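I open my notebook and load the structure. My plan is to go through it piece by piece and write down what I find.

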Amino acid sequence: MTEPLSGLATVLEIVTKLRSATKNIRDAELKGLIADLHLAVADLKLELAESRDESRMLRDQLRASQEMGRQLEGLEMRQGVLWRPEPTPGQSAGPFCTRCAETEKKIVPLMEMPSVMDILGTHKCGDCEQLFKVK
Ligand SMILES: [Zn+2]
């Protein structure tokens, strides 16, 4: 199957040839119609390119979201926060924010707070700023 964009490029090429082939024809109405057709096909080509880019971007977002969902499913709850059950090379083992996981479907590592702040919490989410007491 040919790509819609390459098919449209062929149509545009034909219209361009048609336009130059009819250059010497005196029929103003025919010339006007061919010029309109040329413009319409050029616009369509632009719209199709934009639509293709948007579709590609949405596909990438969906893939990233699915990957994040898979990673979230793999986390386990311990001490009131989320952890990876097994160490993964190059990735933090946790703890991760439960609020961001539930509401934003994001895995956000928690930052350790200075020990003088223990009364408020031992860890803080850098994204939603929720405090956690991880013991
Ligand atoms: Zn958070």
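**Entry 1: the sheet**

In what order do the three strands of the open sheet stand? I looked, and the order is β3-β4-β5. The pairing is antiparallel. I note here that the model is a predicted one.

Next I checked the edges. β3 (110-112) and β5 (131-132) each have a single partner strand, so one side of each is left without a neighbour in the sheet. I reminded myself of the general rule: strands of a sheet pair through backbone hydrogen bonds, either parallel or antiparallel.

Then I went to the pairing of β3 with β4 (residues 123-125). Three bridges join these two strands.

I turned to α1, which covers residues 4-21. I found 18 residues in this helix. From first C-alpha to last, α1 reaches 26 Å, close to the 26 Å expected at 1.5 Å a residue.

How many residues of α1 are buried? The count is zero, and I wrote that α1 is hardly covered.

**Entry 2: two domains**

I looked up how the chain is divided. Domain 1 runs over 2-71, and domain 2 over 74-132. Their centres, taken over C-alpha atoms, are separated by 48 Å.

I then looked for contacts between the domains. Four residues of domain 1 are in contact with four residues of domain 2. On the domain 1 side, the touching residues are one nonpolar, two polar and one charged.

I moved to valine 81, placed in strand β2 (residues 81-83). Is valine 81 buried or exposed? It is buried: I count 20 other C-beta atoms within 10 Å. A residue is called buried at 20 or more, so valine 81 qualifies.

I listed what valine 81 touches, leaving aside neighbours within four places in sequence. Its contacts are Gly94, Pro95, Phe96, Thr98, Leu110, Phe132 and Val134. I also took a distance to aspartate 118, which is 37 residues away along the chain. The two C-alpha atoms are 16 Å apart.

Which residues make up the largest nonpolar core? I found eight: Val81, Leu82, Phe96, Cys97, Cys100, Leu110, Cys125 and Phe132. The general rule I know is that in soluble globular proteins, nonpolar side chains tend to be buried together.

Not counting residues up to four places away in sequence, phenylalanine 132 touches Gly80, Val81, Leu110, Gly121, Thr122 and His123.

I checked the backbone angles last. The peptide bond from glycine 94 to proline 95 is cis, with omega near 0°. Proline 95 lies in the loop between β2 and α3 (98-103).

I located lysine 105 in the loop between α3 and β3. With 12 other C-beta atoms within 10 Å, lysine 105 is exposed.

Where does glutamate 129 lie? I found it in the loop between β4 and β5. Glutamate 129 has a positive phi of about 65°, and it is not a glycine. I counted 9 other C-beta atoms within 10 Å, so glutamate 129 is exposed.

Notes. Residues numbered from 1 in each chain as written. Predicted model: local features only at pLDDT ≥ 70, side-chain atom pairs only at ≥ 80, totals over all residues. Helix = DSSP H or I, 4+ residues; strand = E, 2+ residues; numbered from the N terminus. Expected span 1.5 Å × (residues − 1). Pairing = 2+ DSSP bridges. Domains from an automatic or database assignment. Contact = placed C-beta atoms within 7 Å. Nonpolar A, V, L, I, M, F, W, Y, C, P; charged D, E, K, R; others polar. Core = buried A, V, L, I, M, F, W, Y, C linked by C-beta atoms within 7 Å.
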